[in-house]
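User: Please take a close look at the interface between the two chains and describe, in one connected account, how it is built.

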2 protein chains.
Amino acid sequence: MNIRIGILGYGNLGRGVECAVRQNPDMELKAVFTRRDPQNVEILTDSARVISVSEIKEWKDRIDVLILCGGSATDLPKQTPEYAEMFHVVDSFDTHARIPEHFASVDASARAAGKVAVISAGWDPGMFSLNRMYASAILPEGKDYTFWGRGVSQGHSDAIRRVPGVKDGKQYTIPVESALEAVRNGENPELTARQKHIRECYVVLEDGADAAKVEEEIRTMPDYFSDYDTTVHFISQEELKRDHSGIPHGGFVLRSGVTGWEKEHGHLIEYRLKLDSNPEFTSSILTAYARAAYRLALEGQSGCKTVFDIAPAYLSPRSGEELRKTML
Amino acid sequence: MNIRIGILGYGNLGRGVECAVRQNPDMELKAVFTRRDPQNVEILTDSARVISVSEIKEWKDRIDVLILCGGSATDLPKQTPEYAEMFHVVDSFDTHARIPEHFASVDASARAAGKVAVISAGWDPGMFSLNRMYASAILPEGKDYTFWGRGVSQGHSDAIRRVPGVKDGKQYTIPVESALEAVRNGENPELTARQKHIRECYVVLEDGADAAKVEEEIRTMPDYFSDYDTTVHFISQEELKRDHSGIPHGGFVLRSGVTGWEKEHGHLIEYRLKLDSNPEFTSSILTAYARAAYRLALEGQSGCKTVFDIAPAYLSPRSGEELRKTML
């Protein structure tokens with residue numbers, strides 16, 4: 001029998017999960033739960049239903065894993081523990097500093113209900129965390145680096161759009177190539193924020209706005225831009241729509257470490273993602289971890305898990321035997 | 001209490017494990033077991049002993065994990081099942097095609113003895129396999145690529161040295177940069193052996209040998225060189241020693257895949273290793289998996305495991321709480 005999937009929240013992430021489920025033949029999307037009027041939500045999967053979240057309890061026995069596609073600021077801290085009482089759940093909670101408390105609240109709820117809950121299963125946190133962890137376990141003496149981009153930062157794009165005179169805008173975070181190269185060469189550089197990332201802004205001005213003033217205001221904005229080399233390009237709304245409506249992202253996790261009795265040998269471990277669609281890639285990870293949650297539950301496990309706690313084989317539809325034969 | 005480690009076999013790999021154990025404060029090297037006369041084996045660790053392998057049984061209760069540092073051709077197929085009857089064991093068995101049978105024989109022995117045995121825990125098989133598996137679980141529709149190098153191939157270096165007129169030699173396997181770039185650009189190329197790797201040979205001739213004839217014989221050697229663009233450099237024994245006595249290696253695992261309802265978004269996952277010392281890096285992985293074997297055993301598990309079966313957290317000396325706080 002296929003793994004029966006539910007999606008809570010139908011934004012970019014929810015739609016991405018819907019697409020990912022279709023790419024996994026052992027899964028079936030049963031329902032999308034929404035806070036909106038279900039009449040007004042159109043999904044892509046003919047065989048799945050759109051249901052008001054107020055009726056979600058009735059789906060307790062019709063769904064195996066509920067994939068939570070809300071935001072980390074306010075949705076997930078409430079939703080993940082709440083729905084872990086009814087379903088095995090997976091989320092991509094990404095507020096790094098609040099992971100310990102999120103884990104604790106989800107764990108309590110999932111344990112009490114005998115459910116499996118996987119949190120923070122995206123790419124950072126998620127795949128990047130895994131790579132940081134494997135690399136530091138293999139090379140205990142070394143230095144970690146994470147670079148993000150080239151990609152759209154939602155937070156920084158929002159910040160630009162709050163500047164008076166700005167009609168619309170997008171911000172790209174870009175790793176500094178020379179810093180990446182220094183890390184790859186084993187130079188173990190100490191890098192400031194400015195030395196690691198460039199910020200590139202594409203801005204549409206309101207009619208009559210003062211470009212020089214807007215540029216100055218963006219470049220000197222504390223926290224967001226003042227610590228970086230920031231370039232501002234003024235473009236038309238049409239250009240923004242044509243050239244910058246995608247949501248690409250990615251980045252690099254590197255560990256540079258030493259081995260040998262005299263620490264005479266250097267090694268570099270590098271993990272890189274280059275993503276056309278940030279939300280769809282995150283959705284694909286969520287979907288793979290939904291399979292893992294389902295399988296762990298079949299084994300009688302319960303409680304909150306992260307990517308660190310789940311053996312890789314649980315993510316794959318292939319059997320252990322097949323994996324050893326084809327992928328080891 | 002520290003994890004008590006034993007090493008079987010004291011070549012490059014065994015010495016590498018000795019160095020790695022010193023970098024892991026929760027471990028202690030107790031003994032190196034050797035087939036040679038222990039009097040003639042000098043190790044680096046003052047506090048550890050060198051013991052004849054004939055006495056290994058007496059160490060049954062003095063060692064937690066035995067790390068097997070023999071070769072895959074003849075040593076490990078015999079040693080891993082044999083010593084899994086006495087110890088938790090870890091090996092880096094790397095004959096891909098024979099992994100299923102090795103797994104079966106080790107599993108039977110380890111299960112019967114209630115021991116944990118981890119096999120094929122190097123970088124390929126090992127870390128490369130893990131990355132192939134994670135990437136294909138996340139992006140079910142896509143294409144895998146593995147490139148090796150730049151690094152020394154022991155098998156190809158041996159093949160060179162068997163050519164009449166060759167006194168000594170080393171062979172480097174080098175990925176073709178343009179092929180790598182095509183993969184990174186999402187072109188999903190179909191690549192022949194020749195299009196993926198270059199073979200570079202450094203050869204010391206016997207006195208009076210015919211260089212042109214040696215070069216021709218190397219370049220046309222079936223299986224080893226004839227399917228590749230091979231360059232042959234003639235150098236002196238001194239130059240070989242000075243410039244080519246290291247054992248660097250590494251490589252790239254890439255997966256290029258698509259997501260979206262119309263498969264409209266492309267993604268690239270790339271994992272790269274750049275290693276000054278192939279055996280020391282493999283040793284570092286073996287050592288991290290020795291920790292995992294020990295912990296799995298503490299939980300009452302037994303039988304044969306591969307990197308696919310072991311949750312990442314078992315490799316790290318840090319607690320789950322600490323990992324979530326610092327690395328997730």
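**The interface of chain A and chain B**

In this predicted model, strand β13 of chain A pairs with strand β13 (residues 265-275) of chain B in the antiparallel sense over nine bridges, where strands (E, at least two residues) and helices (H or I, at least four) are DSSP runs numbered from the N terminus and pairing requires at least two DSSP bridges between the strands. Within this pairing, Ile269(A) has Leu273(B) as its bridge partner in β13(B).

Contact, meaning heavy atoms within 4.5 Å, joins 68 residues of chain A to 68 residues of chain B. On the side of chain A that touches chain B, β13(A) gives the largest share, eleven residues, and that side divides into 35 nonpolar, 18 polar and 15 charged residues, with Gly counted as polar and Ala, Val, Leu, Ile, Met, Phe, Trp, Tyr, Cys and Pro as nonpolar, Asp, Glu, Lys and Arg as charged, and the others as polar.

Residues are numbered from 1 along each chain as its sequence is written, and chains are lettered from A and ligands numbered from 1 in the order in which they are written. Local features need pLDDT of at least 70 and side-chain atom pairs count only at pLDDT 80 or more, while totals for chains, interfaces and linings use all residues, and side-chain values use heavy atoms, leaving out hydrogens and water.
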